[in-house]
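Try each task before you read the solution under it.

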Amino acid sequence: MESTMLEASGNKNLMPAPDEVDFDSIMELMTSKYTVELVDRHVAAIRKLCKVCCNGFLLKHLEALVDLLKLSVDRFSEGQYELAPALCDFTRVASQPFVSCKTSDMITYGHHLPGFIKVLVSVLTWTLPPTDEGPNADEDPEGRAAWESRKTMCERIRVEVAHTLACWSRFGLDEDSVELLPNQPLIQAVADSGTPNLRILRQSQVMDALSSSFRAEDSPEAIVITLGAVRDMSLYRPLARQITNCGLISNLVHVIRVNLLGSDVLLVAAEVLWNVLELDWAGATEALGQEEVIESFRDFMDAVLTRGYRFKDKIFRNDMMVLLMYISKRVENRPLFATTGLMALLLGYAVSDTRRKFLRESGILADLMRGPNDLPGVLPDLASANPQGGQQGVALTNTQEDMEFRMLLWGTLARCCSSEACAEVAVKCGFVASLLECLDAAEAPVEQQKWSSEQRRKIQLEALSALFQLVQYVPEAFMEAQGNGVVLQLLQATRSREVQRKCLHLLQVAVRMGPHFCEDLGKMGAVGTLIELFTDKDNPMSSRQICASVLAFLCKGNSSNAREFRKKDGVEAIRDEVVYRPDETTDNHLFYSLCVVDCVWNAVVGTRKNEIRFLDAGGLFALLDALEVAPMLLKRQIIGCLADLMEYKRAAKLFTQWNSQVTMKGALKLLLELWQNEQEAAGNMTKDGVIRDLEQPLNPRYDATGALVPSDSALMEDGAESVLTGTSRAAGKFRHAKNFADTAAGQSVTSNLLGSTARKGKFEKASMAGHERQGSMVLSNAAGKEQDCRAKIYAALKCIGFECQETLSITERQLMELVKLYPSAVELEMWIQVQENLERHGVKPTSADRKFIEDSISDRKEQAAWVQGLQQKLASEKRGEEEASLERFFEDIRGRAQIRKTTPAQNGGAGGAPEAEALESDGEGFAESSQGDL
């Protein structure tokens, strides 16, 4: 059994508690009508019990201890204050580990422990600090002395109870007592599972009584001990939720306010808030998202930023910033940063010294720091808001604590700028321009010029992370501060891969802010810089992927950037990367290929000279080669690019000339296979390749259970489907018989060739499946359910013409007929949806509109029916060819059997007759069984 504070039977240095204590005598002494008034004897009996059990109570006495303690607390609440020393002794012994006489004691008596703790904590209700000042010492000295004695006595009880809870919550918080999973931190294990003591404290619901007592507590000793207990309890997630629900968070904020820049109590209170925000973020941020609480944080930060010179003051400052970071993650809390003046206060220390001095002297900072409770026209009672005050604030240096503060400060302020009010304050304070100054080595602030290269690199990373959010919230401020030029200059000058990647991420989101960003970056030469980074194979694939993405957005709809892309040899560079070979790298090749195809789609397609150069470099054939082996997510991207590229007639001619290097298939057959996959995924084709539902030829309907909902036209075609279902069975018998014939005839060369091809195909399919999982299976599946590439396939085939030169099989001809029907089928489904929506909403169209809708549906259903009939004819033709082929096969078997039967007779011997007869009988039997199945 695990060792906990609840039992400690193995320590030989402790004097064991007596096995038998006469609790009945003690209870009789306290309840008998003859001795119920003898309080001094009651106290003596309880104190004697505590003296005997000074090393810990026995677990088997728990039930009797609960009754005795409950009776004592009840008597104390009725005014028998003489029991206070006994309660102190009882509580002091309860802080010791319980003692077990048997290994099963914890299982037998452990269920009484939550009740024991609950009764023990209930005494806090009757020991609260007095709310009055007591009798006057001059008028009633005896009453004053009694009042002081009772106050001291109650304070002592509260201290002892707090100490007991602290011992209970602290015990077992070590790696030897907590069961850890592999590679699991201790703090995470405690948060998830807790310790036995923490679980008992949760069951006893002590937090409500403890919160009520702590709210009125005035004893420094009791406050410190209680905070230590609450700190350990806050490590367990259920207890952290109880701390939030009982309203203890506001009391912790009050403790920080009272002890500001004083004792270490505020550091413990900040740690409790930190733990609660981590384990119960939703509830804690909602509780702290009050105007008065945020205003209190403003006062805290003003005091510590202007007068916090000590090391522990800077630690407290950083803890406060961590709490503000958690609070700002809740979107509803962010406007409060601006309305309470906290945003302006923090911005005053987030900008450079020169800008801060200007904001203070001009009075802008004081106006922005005004809170809701500040009088209009009067400066806030803050040292940072006084433009003429001597307190200029504690200067931020390059120490580890100050560097950490900058990082927390910038990240929190950038996140808050998602609120319009906070963004307005940030723009007035010049937050974006100050961050950009940290990126420009030539114009860095004076206080940063003596930093080391590593410190500057960390600051640049944090500034770029903050700007990544600010460019989305205040894009105009980013443009006015020449943000594009500063980031592009840093991208060209830096040697750090991390800084380079951060710059690319920032540009990736900047180009999405509008066409003026793309034009500005194009004028600064961003296209050439990005192409140079993209072609550098020493750069990680992830960075080159972002380069391709940024180039795609720069050239999208921007002819000047597309021309610059061609002049800087970007077409050739992007053509070389149009491949899908995930085996050659351990990086995520799928997403890299997606960005490359997207760059081709935006930077090449649509610009005629770029298209010509791309085709001359073999780009179209490279796209088709990648289309054949790519996963479905990449296939859809490539097909869309091809559909637009086919608008160029030269590309359409080259499209028909391509043949697969693996299967020798043409591009048309490759697209038809993709069309067939989409149709099978939609489930609106029969096994013979015939349209199932004339009203929904493309996208059938499914009910809530996922079953296909047939329409009237679908029910009409059930008969035709039942007639034609024999085709697939005949084909299966034919393939089985063909394989048997190949084996019997001894065609080893052909079999080996087919076998190697089959193995190669299986290997390629398995490889493709593995590479598809390499990227993101969830993303691929989600995209597969939402996207449909049939429209792209139709657009591509329309450009090259449906009358192709390739020889198509019957199945491919069936698919081609449906491809031709695609526009009409889409219109049919849309008109039916319009008609159903009108009926669902009870809208009655005019007679002319109704007739137009009905005629449109009827015309398109006739076209679908014509295509369906043509597909049925093709299916019948296919079935006839399969039957004829199978019949020829059987005739061949009979002929061979007859030849082998007559050969021994001509040779004059009878030795081979039985074998020939057996072969003949086997062949006839096989033929008869096959014909019966057919």
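**Exercise 1: the chain as a whole**

Task: Find how many disulfides the structure holds, and work out whether Cys167 and Cys246 count as buried or partly exposed.

Solution: Start with the sulfurs: the structure holds 0 disulfides. Keep in mind that this is a predicted model. Next, take the cut-off for buried, which is under 20% relative accessible area, with exposed set at over 50%. Cys246 comes in at 13%, so Cys246 counts as buried. Cys167 sits at 24% relative accessibility, so Cys167 counts as partly exposed.

Now zoom out. The protein chain has 48 helices and 0 strands. Of its 934 residues, 49% count as buried. If you take contacts between residues at least 6 apart in sequence, 76% of them join residues at least 24 apart.

**Exercise 2: the buried side of H44**

Task: Which residues of helix H44 (residues 790-800) are buried, and what do they pack against?

Solution: First, pick out the buried ones: Arg790, Ile793, Tyr794, Ala796, Leu797 and Ile800. They span an arc of only 165 degrees around the axis, so they lie on the same side of H44. The spacing is worth a thought: an α-helix has 3.6 residues a turn, so residues three or four places apart point the same way. Then look at the partners of the buried residues of H44, which are helices H37 (632-645), H38 (649-657), H39 (667-682), H45 (810-820) and H46 (822-840). Finally, step past the end of the helix: Gly801 follows H44 and has a positive phi, near 95 degrees.

**Exercise 3: how covered is H27?**

Task: Count how many residues of helix H27 (residues 483-493) are buried, and name some of what covers them.

Solution: The count is 8 of 11, so H27 is mostly covered. Those eight are Gly483, Asn484, Gly485, Val486, Val487, Leu488, Leu490 and Leu491. Their cover includes helices H24 (431-439), H25 (453-473), H26 (475-480), H28 (497-510), H29 (515-523) and H30 (526-535).

**Exercise 4: the surroundings of Ala350**

Task: Is Ala350 buried or exposed, and which residues does Ala350 touch?

Solution: Locate Ala350 in helix H19 (residues 342-350). Its relative accessible area is 6%, so Ala350 is buried. Leaving aside residues up to four places away in sequence, Ala350 touches Leu409, Trp410, Leu413, Phe431 and Ser434.

Technical notes:
Residues are numbered from 1 along each chain as its sequence is written. This is a predicted model: local features need pLDDT of at least 70, side-chain atom pairs count only at pLDDT 80 or more; totals for chains, interfaces and linings use all residues. Side-chain values use heavy atoms; hydrogens and water are left out. Buried means under 20% relative accessible area, exposed over 50%, partly exposed in between (1.4 Å probe, protein chains only). Helices (H or I, at least four residues) and strands (E, at least two) are DSSP runs, numbered from the N terminus. Contact means heavy atoms within 4.5 Å. A disulfide is a pair of cysteine sulfur atoms within 2.5 Å. The arc is that of the directions from the helix axis to the C-beta atoms.
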